[in-house]
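Okay, hi everyone, thanks for letting me go next. Let me put the model up on the screen, and then I'll walk you through it.

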Amino acid sequence: MRMGAPTLFVVMLTAAGLFSGACKRRAAAPAPAASAEQAGDFPPGCVETDARPEIATACMACLKKHTTSKPINDGCCGVTDPVGRQLCDDVAKCFRAGGPPVGVCNVDGDTTTCFCGKHAAGCDDPGVANGPCIPQITAAAGRNIETKATDKPTATQIVDRYGQVQYALGRAANIAALAGAFCKAECGIGM
């Protein structure tokens, strides 16, 4: 096994501490209670994907089970920026509702038709997209929830920001992808 420089450095520091005579046992300090955000969990009472109240508990349980990273990064519940949170929730509602010209626009977790509409090819070109959620997606793609800055993204930037969790759109798209791919029945996606 070959160790990289950072790993080797940590091993060397650990060994130096163990053999330097400074090896006195101390009681471990109690771990502080972690908030939902620090623990990477969904905050209590928050419901993702605009699920109806009667399915909200089942939806959230399924989403939590299928989250691949910290749940806090995969949806709107973890957004602490109030403007970004509202934009994330607005786009999540539109992802669920869909509309003309495509109807349901969360297709097995793919929500790009919500922006692209009937023009999947080339929808990152100006004026080509015709999906039902263009205003909501554009607004959410323009809000960086980390810096709390808003810009006016181009069509290319909008498509790119679908996967970027520092934007309200990225958070909404991530949780919609999980709901549509793994929790369709529990979250009532497309029903």
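This is a predicted model: local features need pLDDT of at least 70, side-chain atom pairs count only at pLDDT 80 or more; totals for chains, interfaces and linings use all residues.

**A pair of rings, a helix and a cavity**

If you search the whole structure for aromatic pairs, you find one. So who are the partners? They're Phe 95 and Tyr 162: the ring centres sit 6.4 Å apart and the planes are at 25°, and since planes under 30 degrees apart count as stacked, this pair is stacked. The pair also links distant parts of the chain, with Phe 95 in helix α4 and Tyr 162 in the loop between α7 and α8, 67 residues apart.

Let's zoom out for a second. The chain has nine helices and two strands. Reading from the N terminus, the order is α-α-α-α-α-α-β-β-α-α-α. Of the 191 residues, 38% are buried. And if you take the contacts with a separation of 6 or more, 57% of them are between residues 24 or more positions apart.

Now, helix α8, residues 168-182. How far apart should its ends be? At 1.5 Å a residue, its 15 residues should span 21 Å, and the end C-alpha atoms are 22 Å apart, so that agrees.

This helix is mostly covered, with 11 of its 15 residues buried. Among the buried ones are Leu 169, Ile 175, Ala 176 and Leu 178. And what do the buried residues of α8 pack against? Quite a list: α3, α4, α6, β1, α7 and α9.

Last stop, the cavity. There is one of 30 Å³ or more in the structure, and the volume of the largest cavity is about 40 Å³. Which residues line it? Thr 49, Ala 92, Phe 95, Arg 96, Asn 106, Ala 176 and Ile 189. The largest share of the lining, three residues, comes from α4. By class, you've got four nonpolar, two polar and one charged.

Conventions:
Residues are numbered from 1 along each chain as its sequence is written. Side-chain values use heavy atoms; hydrogens and water are left out. Helices (H or I, at least four residues) and strands (E, at least two) are DSSP runs, numbered from the N terminus. The expected span of a helix is 1.5 Å times one less than its number of residues. Buried means under 20% relative accessible area, exposed over 50%, partly exposed in between (1.4 Å probe, protein chains only). Contact means heavy atoms within 4.5 Å. On a 1 Å grid over the protein atoms alone, a cavity is a set of points where a 1.4 Å probe fits but cannot get out, and a pocket is an open set with protein on both sides within 12 Å along at least five of seven lines; lining residues have an atom within 4 Å of a point. Grid points are joined across faces, edges and corners, and a volume is the space filled by probe spheres set on the points. Ala, Val, Leu, Ile, Met, Phe, Trp, Tyr, Cys and Pro count as nonpolar, Asp, Glu, Lys and Arg as charged, and the others, Gly among them, as polar. Rings of Phe, Tyr and Trp (its six-membered ring) pair if their centres lie within 6.5 Å; planes under 30 degrees apart count as stacked, over 60 as edge-to-face and the rest as tilted.
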